[in-house]
Amino acid sequence: MGNRFKHGFTTVADDVTHADLRVEGQIPAWLTGTLIRNGPGQFEVNGHSYRHWFDGLALLHSFTFADGRVSYRGRYLRSAAYLRDNATGRINYRGFAVDPCRSLFQRVMSLFVLPPPGHNAAIHITRVADRFLALTETPIPVAFDPHTLETLGVYDYGDALSGQVTTAHPHFDAQRGIAINYLLKFGFTQTYQIYGISGARRHLMARIPAPRPAYMHSFAMTARYVILAEFSLVLPVAIDVLLSGKPFIENYRWQPERPARFLVIDKDTGARAATVEAEPFFAFHHVNAFERDSDLILDIAAYHDARVIDHLRLDHLRGDQPSLDWGELRRYRVPLDGRSATYEIITDLPFDLPQIDYPRRAGQPYRVVYGAGSHPQDRDFINQLIRVEVESGAVKTWYEPGCYPSEPVFVPKPGATEPDDGLILAVVLDGARESSFLLILDAATFTEIGRAHVPRVIPFSFHGTFFADI
Ligand code: CO
């Protein structure tokens with residue numbers, strides 16, 4: 001059959017807008033606001049391909065809804081990497097899995113001089129004190145205008161907190177009115193720093209020693225705790241990943257002889273409440289977490305090991321029939337009394353890119369998760385959207401042959417009281433037509449309400465957020 005989804009890894013033009021997309025079905029009149037998403041849109045420069053999906057240059061795109069109509073905009077983030085790589089026609093910065101083209105002299109010098117960051121913030125977006133920020137796993141975000149998607153420049157918190165590795169998945173603690181993230185700092189010893197952001201100011205909440213830091217793409221939060229899940233993909237020696245001379249992820253090693261560990265940190269005291277071991281596993285994404293009796297419940301899109309990272313190399317994904325490892329939705333029970341963590345499988349359907357009714361359910365018991373995965377009889381790439389009731393494992397899916405959806409984003413209906421009274425928005429690549437559309441599903445029934453056609457391919461994006469007020 002060949003690869004029907006490789007167009008999702010094709011470089012597309014910059015600065016494209018379409019004011020009034022052709023709509024099939026109906027866009028609900030109450031749907032007002034903008035979905036902004038982030039992901040790679042340029043995959044090579046002057047014939048030099050970036051090596052990994054995570055290294056493509058960030059393309060922001062947005063869908064704005066008003067009066068039953070929808071408009072599209074796509075624009076590249078003007079990061080240092082975007083500007084300099086395109087100006088010079090070569091890859092200048094070290095990335096997730098890519099090395100710059102360098103002379104021998106530059107290679108030797110880079111052993112002594114910290115390489116400059118490329119700021120290719122291609123993973124996610126967030127809003128901090130009315131600043132819209134593009135995020136990646138190096139801790140310097142890039143600000144942009146949410147209406148025009150124009151780049152405003154790197155964002156400096158202007159404080160003394162420093163570190164080398166973070167996540168593009170901050171949490172929002174509505175009760176405390178803060179955003180929370182972690183920042184790994186290398187030095188004489190390694191430290192996970194948990195910090196909060198209130199207004200535009202950061203404050204340190206906890207410092208946890210990290211002798212062998214793990215690669216963690218996201219983390220979990222309950223009402224009382226922050227939980228770092230250290231998978232068995234770790235730095236075998238304590239070396240600053242930015243100084244090592246290797247692409248970021250190549251510093252990490254899969255060490256299954258090391259158990260996975262849940263580091264449970266009290267948000268109010270900053271103390272470590274527990275360190276709980278589990279069988280080795282890997283994940284990019286936590287779904288949600290909450291406290292039940294004296295245990296913590298963590299739902300995670302989990303993999304048996306970290307091979308999936310290698311499967312997401314661009315040469316592999318653009319190949320004829322690329323194999324791809326899939327996550328499964330697991331529920332971990334993390335006791336705080338010294339016992340190990342255990343898990344059960346909520347659904348064994350291929351599953352990742354989870355989204356919940358985050359503003360209302362983060363850190364709380366919840367009912368439904370939406371995600372993306374692969375149809376069991378057609379496992380070529382992300383080609384199925386999934387709605388799972390987490391207590392029963394009951395599943396509903398959306399699938400259309402040759403169509404490849406992004407992460408599904410939940411938009412609650414204003415004033416809704418039922419858990420999934422709202423819509424699902426997903427950007428879908430139609431592999432046969434070589435174009436994309438925005439798919440709108442009823443979140444409860446998972447049936448289609450409408451779709452808005454974009455007369456271009458939108459490369460696969462990672463993450464995004466719906467803002468009702470812009
Ligand atoms: Co992610």
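This is a predicted model: local features need pLDDT of at least 70, side-chain atom pairs count only at pLDDT 80 or more; totals for chains, interfaces and linings use all residues.
Where is the place of alanine 260? Residues are numbered from 1 along each chain as its sequence is written, and side-chain values use heavy atoms, with hydrogens and water left out.

Back to alanine 260, then: its place is in strand β21, residues 260-266. Strands here are DSSP runs of E with at least two residues, helices are runs of H or I with at least four, and both are numbered from the N terminus. Alanine 260 counts as buried because its relative accessibility is 1%; buried means under 20% relative accessible area, exposed over 50%, and partly exposed in between, with a 1.4 Å probe and protein chains only. Proline 280 is 20 residues from alanine 260 along the chain, and their C-alpha atoms are separated by 4.8 Å.

Now to the metal. Which residues coordinate the cobalt ion? They are His169, His217, His285 and His463, each through NE2, at 2.0 to 2.1 Å. Donors are N, O and S atoms within 2.8 Å of the metal, or 3.2 Å for Na, K and Ca; water is not among the atoms, so sites may look incomplete. Along the sequence, the spacing of the donor residues reads H-x47-H-x67-H-x177-H. Histidine 285 in strand β23 and histidine 463 in strand β36 (residues 463-467) link distant parts of the chain, 178 residues apart.

Why is the arrangement around the cobalt ion irregular? The four donor atoms subtend angles of 95 to 153°, and that makes it irregular. For the cut-offs, four donors count as tetrahedral if all angles lie between 85 and 135 degrees; four count as square planar and six as octahedral if opposite donors are over 155 degrees apart and all others between 65 and 115; anything else is irregular.

A cavity is a set of points, on a 1 Å grid over the protein atoms alone, where a 1.4 Å probe fits but cannot get out, and lining residues have an atom within 4 Å of a point. Grid points are joined across faces, edges and corners, and a volume is the space filled by probe spheres set on the points.

The largest cavity holds about 310 Å³. It has 24 lining residues, and Trp53, Leu312, Asp352, Leu353 and Ile382 are the closest to its centre. Strands β23 (282-292) and β27 (352-355) each give at least two residues to that lining. By type, the lining of the largest cavity has 16 nonpolar, five polar and three charged residues. Here Ala, Val, Leu, Ile, Met, Phe, Trp, Tyr, Cys and Pro count as nonpolar, Asp, Glu, Lys and Arg as charged, and the others, Gly among them, as polar.

The second largest cavity comes to about 160 Å³. Its lining has 15 residues, with Leu135, Tyr157, Thr167, Asn181 and Tyr195 nearest the centre. At least two lining residues each come from β8 (124-128) and β15 (191-198). The lining of the second largest cavity splits into nine nonpolar, six polar and no charged residues.

On to the packing. The largest nonpolar core has 114 residues, and those touching the most other members are Trp53, Tyr192, Tyr215, Phe262, Phe282, Leu298 and Phe381. Strand β14 (residues 178-185) gives this core its largest share, six residues. Another core, of 20 residues, lies apart from it, with Leu21, Leu35, Val411 and Ile458 among them. A nonpolar core is a set of buried Ala, Val, Leu, Ile, Met, Phe, Trp, Tyr and Cys residues joined through side-chain atoms within 4.5 Å.

Asparagine 46, in the loop between β4 (44-45) and β5 (48-49), has phi near 50°, a positive value in a residue other than glycine. Leucine 149, in the loop between β10 (142-144) and β11 (151-154), also is not a glycine and has a positive phi of about 65°. Buried or exposed, what does leucine 149 count as? At 0% relative accessibility, leucine 149 counts as buried, whereas asparagine 46, at 61%, counts as exposed.

Notes
On a 1 Å grid over the protein atoms alone, a cavity is a set of points where a 1.4 Å probe fits but cannot get out, and a pocket is an open set with protein on both sides within 12 Å along at least five of seven lines; lining residues have an atom within 4 Å of a point.
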